[in-house]
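Could you walk me through this model in my viewer, one selection at a time? I'm new to it and would like to know what to click on next and what I'll find there.

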Protein chains: 4
Amino acid sequence: MIVIVKPQATAEQMEHLLERIRQFGLQPMVSTGSERTVVGLLGDERLLPEGALESLPAVEQVMPILKPYKLVSREFKSTDTVIEVRGIPIGGKQIQVIAGPCSVETPEQMRSSAEAVKAAGCRLMRGGAFKPRTSPYTFQGVGDEGLDYFRSAADAVGLPIVTELMDVRKIDLFLEKGVDIIQIGTRNMQNFDLLKEVGRLDVPIILKRGLSATIKEWLMAAEYIAAHGNHRIIFAERGIRTFETAYRNVLDVTAIPVLKRETHLPVIVDPSHAGGKAWLVPQLSKAAIAAGADGLLVESHPCPEEAWCDADQALSPQQLMTLMGDLRRIAEAIGREL
Amino acid sequence: MIVIVKPQATAEQMEHLLERIRQFGLQPMVSTGSERTVVGLLGDERLLPEGALESLPAVEQVMPILKPYKLVSREFKSTDTVIEVRGIPIGGKQIQVIAGPCSVETPEQMRSSAEAVKAAGCRLMRGGAFKPRTSPYTFQGVGDEGLDYFRSAADAVGLPIVTELMDVRKIDLFLEKGVDIIQIGTRNMQNFDLLKEVGRLDVPIILKRGLSATIKEWLMAAEYIAAHGNHRIIFAERGIRTFETAYRNVLDVTAIPVLKRETHLPVIVDPSHAGGKAWLVPQLSKAAIAAGADGLLVESHPCPEEAWCDADQALSPQQLMTLMGDLRRIAEAIGREL
Amino acid sequence: MIVIVKPQATAEQMEHLLERIRQFGLQPMVSTGSERTVVGLLGDERLLPEGALESLPAVEQVMPILKPYKLVSREFKSTDTVIEVRGIPIGGKQIQVIAGPCSVETPEQMRSSAEAVKAAGCRLMRGGAFKPRTSPYTFQGVGDEGLDYFRSAADAVGLPIVTELMDVRKIDLFLEKGVDIIQIGTRNMQNFDLLKEVGRLDVPIILKRGLSATIKEWLMAAEYIAAHGNHRIIFAERGIRTFETAYRNVLDVTAIPVLKRETHLPVIVDPSHAGGKAWLVPQLSKAAIAAGADGLLVESHPCPEEAWCDADQALSPQQLMTLMGDLRRIAEAIGREL
Amino acid sequence: MIVIVKPQATAEQMEHLLERIRQFGLQPMVSTGSERTVVGLLGDERLLPEGALESLPAVEQVMPILKPYKLVSREFKSTDTVIEVRGIPIGGKQIQVIAGPCSVETPEQMRSSAEAVKAAGCRLMRGGAFKPRTSPYTFQGVGDEGLDYFRSAADAVGLPIVTELMDVRKIDLFLEKGVDIIQIGTRNMQNFDLLKEVGRLDVPIILKRGLSATIKEWLMAAEYIAAHGNHRIIFAERGIRTFETAYRNVLDVTAIPVLKRETHLPVIVDPSHAGGKAWLVPQLSKAAIAAGADGLLVESHPCPEEAWCDADQALSPQQLMTLMGDLRRIAEAIGREL
């Protein structure tokens, strides 16, 4: 950490700054430049409470030089982590497309969804039994029994399942139903109590990016999970909130190579929620794979216009099939497989 | 709701659209203009699943004409709601400044905090026993016993207490300790399970705005609480995330008059988290009151530089005292009292 | 255009609204619903001054149903426009990578730049003689003679040139030097006097997106050029400003398919300015092509670390060569060529 | 400037870094910490081209410690600058409300506007003869003769005039008509050729903030004007672009105290363009003054609903009069006058 000293700081204020630094167990190292005096801090800067030095009268600015994340960082582990889910690798050469409906509706809908996902060549399936909805008056998800419909439908075609956990009180249910990957949604990316709890599980976690979460905050959210013991974390970019209103969110493809540099963990992309429209999914999916994503989360439905939610963003079985073919060509063009 | 029809829609696609509208229990009303055909929907448009019409081939655009919130809206209740907490009105002519430390640290710190808050003329006190922190490696709050320190310190000077709830499993503890106002923090504004649970309580709720929540989403989050039975909700603007990096967040003063027009509920402002620096608090506080806020949430600490978190944003007892004097003059200038 | 009437509007206010609508040469059509009265406007809604109806007491909300752009829209021309520049097509099956240095420095630097651009297989060259710089104290571009260095170097290898125009007073110089494509930069996207002037030229225009310009504003800026007579416009997405600080801007790939749907004009992408770092350029370039971009604007320099500006974002000749190979495979995977 | 060295940098890469630093005329000072090596640069870091060090293989991060602006900074001049315009001080104890119509329409409209502005107690008048409009098909301003209408109307009541300059070719006209303050609009904040030209004039400049300009960019834009000789600059905050769509822009009141700390120049606020609605103007105006603004730019019109542009954001003469009374009370409450 580096502290820039105010040009007008008095000797007394300067002494107070140095004393405070030592009190936190760090060693100050003063360099006097032509326009500013700078104090370097030797030792683990993470010992300092946030804002502790900024509040001192001598201080103009405090600049951290270390990144606040450890376990999830490339510095901690330089090789790519490949997460295996019932034999299916996520984060390796093979790209995984996780498809399925926005929400679990009925056993029949899940059966035909699972068949379409399987037929398209996907190796994992997604679907939500508990839905975070902006309005209390809209469909909130089928709930507990939804997990049964999902489990049976996916088992029938041999697909591992991915589903969202919103409430710590549902963890036992998720474990009992053998959910293969637990998704932490956008709105819960900084629900720290939930992160701590899934950090104690032995189940891979998909951690979606918050709507306006910075890369650093997102990595720190993953660090919460890792710090509690669970290192099997998959980042999922799903579009960020900006000033643009012509589409729901802005898919941040730059986040893909940046994350791949900062962390050893897999990175996937959700083009369906990013764009918010089915017709945008193919182009966004191709861009994500071309930019280096390890996989996708794609919404598909046996009959999109009858979906109970997000009807305008689900792909039909035929569209999913076509997409898989298109993506295979992109994957090969960049030396990967699908 | 109004549906704009694509100019190239076929008669068959148009018929399909009308049929779907009727299936949802609504009555379509077609108007043919020179450049576009428009279909108005008679009936309660809230019956429509989101995206249901957008996915149809005839549809160019769907425009809601009703607001999605009811119970919290001015249309539902035209007069200002005043929420009384142990005799103290929030949302009336009198402005309330809720001050206290970012986090509960020790019994002694809470005692001197409470005395300073009382001495400055504030009528309610804030403090956090559970802290949502970006990093898992920083101080996470004192926890359960923190509520005891807070309760005793506040009782000694007769101040009702406001504290943040992050986890549904802590609700019983909060009730047992008699927390007077429960705060739902920024990161939990769309933690819908938590909103539902506090919606079942008989305790006023301060609902902080999410970092990038729109006014509509914020009102809908409040609607969750109201729809579950608890109508005593206070909105707290605390700065939004933008492109600007010169200060932590951008205090959105425009939200104050806009909310006061849209909802009958009280609106307060947190200048401390918005600006992130103690020296900004006075100017932001004055702006908030001048713009019509019903109160403030201000961080203060007996000795800011020794605070365990956010040391650079807390006011000292003397600064809090001065601020109260300054605000009193603004309050009088706009015909209110403090 | 559709006007939503306030539920509490009086008959007199309603009458005033209808009268005003007629005064603007439009025909009002009133529909009374269960919760709101809605007035449709027949006729060309572009006749209405902005805000004219919003200011009336009866009006709750005004919703346009037509898009404000005409000449640049797909509705106006449904087939893709291909712009030919000295025989090189932009907007067709073939993808164009326009490479070259951020700024023109010396005749020698331009010569070796041009050779590297040509050797890599690019068909057009970029370079700036006039540079928009945030600081008045940094290098502002070589100026007039820079165009000569550029022209000679590009002519020697037979490449058409693209360069930025910032000042209306330089138009004659640009014409005299035979600039093949004039670039309007990010900061001038809404410099309307400049847009009007280039609208009168017979030279293709690359119109970069403003840092926080919406798709609609960008299309309207192009409409300015088209409305003054110049229909040869190429859109260039170059990253938008968001809250994220881990990279310079966020490349908005969603803008590519959305623009391709809204306009018949070509769309290219500048991955160099978007990411701001050379190491990000390959992944962003691949994403852009995969998402459907018609070309790229890429910064390259004979010796990046010695570049007079943006040294950290230019590709070396070798990196440019490698990139072209990688992009060729992506282009083929999506049925295009490079 | 401080350079953080990559932990994996080789001795050779490190040597190369030090050599480059010396080549730019700076002196490197190496400090080896436990986790990172840090190089301090002694000398004027403004000598370094942007990105010059970032591109070197040894470099992890470059952190400037000096601010890039000089002439406009508090460090350069610690006392408040008061700009006098025909005897009227801007930036002193007295607050100035500059009112008038969005656009000059007719001599008669300007006459009654001027009378209303004068009657309300304002000491300066605003109005636009040249209008930057998003659409080429809407009213673009009356043009040259508009300045005459404005000049005559304002002279009749003795008010100095403020009007926007968009095109360098109109400077002579502005000087000839004796425009008292030239406004540089939001879309031209980084039109550097325009900034350089007004930097050569002896007329005060109101520099509006770009829609998504950071504080630093805004100060640098002013630095352009100052560096060319004109030090009479007034900053005008007018709302920034964010994700929120419930109102046009977000008035950034935090910018007021931050600017007052960073620069010695006056800061005013435009509440009309920020909120985009007349009904928001009073609350936003009060907030701006309470936060320390030195003045306001307010749109007013003799008959708002008949205004040729922005009809929904202009105040009527009566509303302007009432606002002035309200603001006077706020001004007194903070020890200023109006």
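Which residues are exposed on the other side of α1(B)? They are B:A11 and B:E12. Keep in mind as we go that this is a predicted model.

**Stop 1: a helix in chain B**

Stay with that helix and select residues 11–23 of chain B, which make up α1. You'll have 13 residues highlighted, and the first C-alpha and the last are 18 Å apart, close to the 18 Å expected at 1.5 Å a residue. Now colour B:M14, B:L17, B:L18, B:R20 and B:I21, which are buried. Turn the view until you look down the axis of α1(B): those buried residues fall within an arc of 160 degrees, so they line one face of the helix.

What do the buried residues of α1(B) pack against? Show β1 (2–5), β2 (27–32), β3 (37–42) and β4 (59–63) of chain B, and you have their packing partners. Before leaving, click on B:G25, which follows α1(B) and has a positive phi, near 85 degrees.

**Stop 2: the whole of chain A**

Zoom out and select chain A. There are 10 helices and 14 strands to find in it. Its C-alpha atoms fill a box of roughly 75 × 45 × 40 Å along the principal axes. Of its 338 residues, 67% count as buried. The accessible surface of chain A comes to about 10,900 Å², with 50% of that belonging to carbon and sulfur atoms.

If you then colour by charge, chain A shows 38 positive and 43 negative side chains, and the centres of the two sets lie 3 Å apart.

**Stop 3: a glycine in a strand**

Is A:G40 buried or exposed? With a relative accessible area of 14%, A:G40 is buried, because the cut-off for that is under 20%. Leaving aside neighbours within four places in sequence, its contacts are A:M1, A:I2, A:Q27, A:P28 and A:M29. For a distance to check in the viewer, take A:G40 and A:M63: they are 23 residues apart in sequence and 9.7 Å apart from C-alpha to C-alpha.

**Stop 4: a loop in chain D**

Jump to chain D and select D:Q190, in the loop between β10 (181–184) and α5 (192–199). D:Q190 is buried too, at a relative accessible area of 13%.

**Stop 5: positive phi without glycine**

Go back to chain B and pick B:D310, in the loop between β14 (295–299) and α10 (317–333). B:D310 is not a glycine, although its phi is positive at about 55 degrees. At 12% relative accessibility, B:D310 counts as buried.

Then move to chain C and select C:R86, in the loop between β5 (83–85) and β6 (88–90). What is phi of C:R86 near? The value is near 45 degrees, again positive in a residue other than glycine.

Conventions. Residues numbered from 1 in each chain as written. Chains lettered and ligands numbered in written order. Predicted model: local features only at pLDDT ≥ 70, side-chain atom pairs only at ≥ 80, totals over all residues. Heavy atoms only, no water. Helix = DSSP H or I, 4+ residues; strand = E, 2+ residues; numbered from the N terminus. Expected span 1.5 Å × (residues − 1). Buried < 20%, exposed > 50% of the residue type's maximum accessible area, 1.4 Å probe, protein only. Arc of directions from axis to C-beta. Contact = heavy atoms within 4.5 Å. Areas by Shrake-Rupley, 256 points an atom, 1.4 Å probe, with all protein chains shown as cover. Lys, Arg positive; Asp, Glu negative; His and termini not counted. Charge placed at Lys NZ, Arg CZ, Asp CG, Glu CD.
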